Amino acid sequence: DSPLQEDPIRVCLRLRPVNKLETSRRSTNCVKVQTAANNNNDKSKASYAAILEKGSSATVGNAIEVISPLQGKFNFTFDQVFQEDASQSLVYQHTAAPLASDLLEGFNCALISYGQTGSGKT
């Protein structure tokens with residue numbers, strides 16, 4: 001079993017790439033992923049190791065830092081954070097696939113996806 005399945009509720013974040021409008025306006029990225037490799041949390045290191053075993057080159061962590069020019073820095077922690085370079089397959093393998101397996105074993109499961117229209121929730 002994966003160490004990612006230990007908690008009954010998990011909260012994961014997938015960051016989207018900068019869109020064309022943001023690029024044309026020379027917007028800067030205000031979100032920085034705190035990678036599990038740089039984190040002292042054993043759970044995040046185990047999650048990171050499990051993802052690297054699958055051969056992914058995507059940046060994965062369990063926390064983000066949001067930098068606001070007006071408000072300062074804010075830190076948020078999640079069970080898992082997938083950066084812009086994470087593939088659909090990688091996100092599926094570590095979020096939905098364990099639920100599908102549990103569902104087939106007779107457990108009740110729910111996957112809630114939240115985000116702006118057109119941001120890639122499907």
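Q: In what order do the elements of the chain run from the N terminus on?
A: This is a predicted model, in which local features need pLDDT of at least 70, side-chain atom pairs count only at pLDDT 80 or more, and totals for chains, interfaces and linings use all residues. Residues are numbered from 1 along each chain as its sequence is written, and side-chain values use heavy atoms, without hydrogens and water. Helices (H or I, at least four residues) and strands (E, at least two) are DSSP runs, numbered from the N terminus. From that terminus, the order is β-α-β-α-β-β-α.

Q: What is the mean pLDDT of the chain?
A: The pLDDT is the predictor's confidence in each residue, from 0 to 100. Of the residues, 74% reach 70 or more, and the chain mean is 78.

Q: Which side chain of opposite charge is nearest to glutamate 65?
A: Glutamate 65 belongs to strand 3, residues 60–68. The residue is buried (under 20% relative accessible area, 1.4 Å probe, protein chains only). It has no salt bridge, a term that requires a side-chain nitrogen of Lys or Arg within 4 Å of a carboxyl oxygen of Asp or Glu. At 4.3 Å, the nearest side chain of opposite charge is that of lysine 73.

Q: At which residue of helix 3 does a kink lie?
A: Helix 3 spans residues 88–104, and its kink of about 45° comes shortly before proline 98. The bend is the angle between axes fitted to the seven residues ending at a residue and the seven starting there. Buried residues of this helix include His94 and Pro98. The kink lies at alanine 96.

Key: Buried means under 20% relative accessible area, exposed over 50%, partly exposed in between (1.4 Å probe, protein chains only). Lys and Arg count as positive and Asp and Glu as negative; His and the chain ends are not counted.
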